[in-house]
Amino acid sequence: MKKRNIRNLKGFTLIELLAVIVILAIIALIAVPQILKILNRARKSAAEDTTYGIIKAGETYVINFMMENNGTMPSESLEFECDGNSCNLKTTLTGYNLTGLDKLDFKGTKPTSGIITISNNGNNITTTDLAINNFACGYIGGESICIENGKNELKENGTVIYFNPETNEQCTDYVEVNSDTENKSGCMKWYVFNDTENSMAYNLLLDHNTTAKISNWQKVAMQLSSDTTTWNNKLNIRSITAEEVFEITGKTGFNKYDYSWYYFDTLNQTQPTVYRGEYGWLFDRTSQYCIDYGCTNNSNVFVYGYWTSTQINNSTAWNVSCIAALHVDLFSDSVRGVRPVITIPKNKIS
């Protein structure tokens, strides 16, 4: 009797063990990817929450800044650079009380890199390049968006994207007339600039001026707002900065107070004997003869270029010239156009 019981208590056969292992392997193959997806979604959600928290911290910062400075905000943009420990004020300011205002105070994961920008006298707070938990995160038009690193395509300067700013969608019904100077609607041509692998969005420069001529730089912001009233409000509409033009053209040592304008081809004030047109897209359709200087298409209206958003003092500002140059000109005696820049999440572009 005892011997029979011992025989009945013997373990699994080899075939039975193999069958169990196979079943467990199949379960693992099915379950593990789903678990990883759930964990990744949780990490992404946490990164998006952190991004939103940083923007809320920016709003609080504006309130605190104005309380410490008699209700005023500087006209220039404030930039905060993140380093994994905090996001510190990068912009140099003079004449303001900056006690306790040297960084953004927020809870949660600290981005290992990225820039947060407060502009338009504190009314716009944006970022497109926060590195959080292996995601590239940004905040555009009231929405926090994160894209997993390695899944955001890098595009070269001047890459063409067709986009309709009214529908906020990529488009395929572009026609040449949509690039006529002062056109403000429909499927239009845009150029990517200063893209990075750590950015979740593309900055796009329109290929023509929405307003041909503005006689005073101080009217640009108002005109830009008027030109884009039918556009989607999530596009972070603005003008390009002189610093961004420096970066596009490979010019170093940017100082907005330095009056040293330069040609794109020579990076100094020596006029090229032959214009290469390497940056022709940057001043596309800026005059009726800009092809002579390497632009992609002439304008159907005689214009001289367009203003950047970078002001030097109460009478001068930087502008992109129709002769393939970045210039400094007086508000009062210079006529330049308005050319919008928009920012769109990379996941909107196929």
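**Cysteines and their links**

Modeller: Cys 322 is buried, since its relative accessible area is 3% and the cut-off for buried is under 20%. The model is a predicted one, and a search through the whole of the structure finds four disulfides. Counted along the chain, the bonded cysteines follow the pattern 1-2, 3-4, 5-6, 7-8. Cys 322 takes no part in any disulfide. The nearest cysteine sulfur to Cys 322 belongs to Cys 290 and is 7.4 Å away, whereas a disulfide requires two cysteine sulfur atoms within 2.5 Å.

Cys 290 has a partner in Cys 295: the two form a disulfide with their sulfur atoms 2.0 Å apart. The torsion about that S-S bond is 60 degrees, and the link is right-handed. Cys 290 and Cys 295 are both buried.

Another of the disulfides joins Cys 137 to Cys 146, with an S to S distance of 2.1 Å. Here the torsion about the S-S bond is about 115 degrees, so this disulfide is right-handed. Cys 137 has a relative accessible area of 0% and is therefore buried. Cys 146 is buried as well, at 2%.

A further disulfide is formed by Cys 171 and Cys 187, whose sulfur atoms are 2.0 Å apart. The link of Cys 171 and Cys 187 is right-handed, with 85 degrees about the S-S bond. Both cysteines lie in the loop between strand E9 (169–170) and strand E10 (188–193), so the pair ties together parts that are 16 residues apart in sequence. Cys 171 is buried, and Cys 187 is buried too.

E9 and E10 belong to an open sheet of six strands, ordered E9-E8-E10-E11-E19-E13, in which the pairing is antiparallel. E9 stands at one edge and strand E13 (238–239) at another; each has a single partner strand, so one side of each is left without a neighbour in the sheet. In general, strands of a sheet pair through backbone hydrogen bonds, either parallel or antiparallel.

How values were computed: Residues numbered from 1 in each chain as written. Predicted model: local features only at pLDDT ≥ 70, side-chain atom pairs only at ≥ 80, totals over all residues. Heavy atoms only, no water. Buried < 20%, exposed > 50% of the residue type's maximum accessible area, 1.4 Å probe, protein only. Helix = DSSP H or I, 4+ residues; strand = E, 2+ residues; numbered from the N terminus. Pairing = 2+ DSSP bridges.
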